[in-house]
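Biologist: Hi! Could you walk me through this model?
Modeller: Happy to, let's open it up.

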Amino acid sequence: MVIVYYGRLEQLTKELEETRDTLNHRYIKILGQERANKVTDTAKRILGPESFFETTNVLNSYLGYKLPPNTPNKMGLFTRASLELDSRDRLKDRKIRTSIGFYISENGFQYGSSSKFTERMIASYVHEFNHFVYYALQRVPLELVSFILFDKIQARKQPIDIGDYVAQIEEVDLPHEEIFKRLGFAAFSQVLHDSLEQATRVLDKMILESIGINVPLEWRGMERLYQDIQLPTGQILRTGVGGDPFKNLEDKEIIEQLLEWEKYLNPVTRVSSVHNLVESLKGIKVSRVPLQELFKVK
Ligand SMILES: [Zn+2]
């Protein structure tokens, strides 16, 4: 059983029961038996009823900040590692423990993007579960890379809007070097978020078509779009803001490249801090544990 759901929403449980066999076959066909087994085993080991949140209240107590009521369904990564960087912006900790929680609620379906093309709850859940598929299969999960970048730049909101972030950084008095570094992290964070989201949509499409749901990918095949941002330091920062970052790749190749991102994903930037951090992250050891184990008081 590749796809599992341990939450308490009856409608979703029912929809999953009706489609589970078909979905599982499709996962095996797309990922191959070995990878499908790895997802199954990881899910079995670290997910349970306590990994699923139907309200934001309990979840907020884990997060330490408040999710707004219009939060769409989402899979979130948790870690309690220090995430401290050394003087060359490499992650100090070489072993990081992580866990996963899902916010899947009646409300969350309304605000999720799958509500634009289907009323079936299973579509939104498959999307979140596909984030889990990447998390389970990537040697170093990109969700963690994203998490660390976000931690370093202290942006007001996630996903990062680079224009908004430039405005935010102008409000504080920082040395030019620091501004340049943070904007490099922010720009890469935005690119990473978009790539991960789009690659997940591609997997959604391949999985959901097996149960008659058509996932529209309007951006597919479009020219990549870039935005030039004038920095307070005088330089211009060019960042990808739309179109198809995988224009010349087949759907299957996109999934492959994201799963093996250490080989394929290299930040296009002149900011050496970004390179140093990303290179240092490629070599860390990441463990995946149940949520209650991560938050257990020692
Ligand atoms: Zn998503």
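**Strand pairing and the rest of the fold**

Modeller: Let me begin with a pairing: strand 1 (residues 52-53) and strand 3 pair in the parallel sense over two bridges. Strands pair here if DSSP finds at least two bridges between them. Helices (H or I, at least four residues) and strands (E, at least two) are DSSP runs, numbered from the N terminus.

Biologist: Before we go on, what sort of model is this, and how are residues numbered?
Modeller: This is a predicted model, where local features need pLDDT of at least 70, side-chain atom pairs count only at pLDDT 80 or more, and totals for chains, interfaces and linings use all residues. Residues are numbered from 1 along each chain as its sequence is written.

Biologist: Good. Which residue in strand 3 is the bridge partner of F52?
Modeller: F102 is the bridge partner of F52.

Biologist: How many bridges join strand 2 to strand 3?
Modeller: Six, and strand 2 (residues 74-79) runs antiparallel to strand 3. In that pairing, T79 has T98 as its bridge partner in strand 3. Strand 3 is also joined to strand 6 (residues 285-288) by four bridges, running parallel, and there R97 stands opposite S287.

Biologist: Why is strand 3 described as largely enclosed?
Modeller: Because seven of the nine residues of strand 3 (residues 95-103) are buried, the rest of the structure largely encloses it. A residue is buried if 20 or more other C-beta atoms lie within 10 Å of its own, exposed if 12 or fewer, and partly exposed in between, with C-beta atoms placed from the backbone.

Biologist: Switching topic: how many residues are in the largest nonpolar core?
Modeller: It has 70 residues, and Y125 and A186 have the most contacts inside it. Helix 8 (residues 176-208) gives the largest share of this core, 15 residues. By nonpolar core I mean a set of buried Ala, Val, Leu, Ile, Met, Phe, Trp, Tyr and Cys residues joined through C-beta atoms within 7 Å.

Biologist: And what does A186 touch?
Modeller: Beyond its neighbours within four places in sequence, A186 is in contact with I153, A155, I160, I162 and Y165. Contact means that the two C-beta atoms, placed from the backbone, lie within 7 Å.

Biologist: Which residues of helix 11 are buried?
Modeller: S273, V274, L277 and V278 are buried in helix 11 (residues 272-282). Seen down the axis, they fall within an arc of 125 degrees, so they line one face of the helix. That arc is taken from the directions from the helix axis to the C-beta atoms. Helix 8 is included in what covers these buried residues.

Biologist: Last one: how many helices and strands does the chain have?
Modeller: The protein chain comes to twelve helices and six strands, and buried residues make up 35% of its 298 residues. Its C-alpha atoms fill a box of roughly 55 × 50 × 35 Å, taken along the principal axes.
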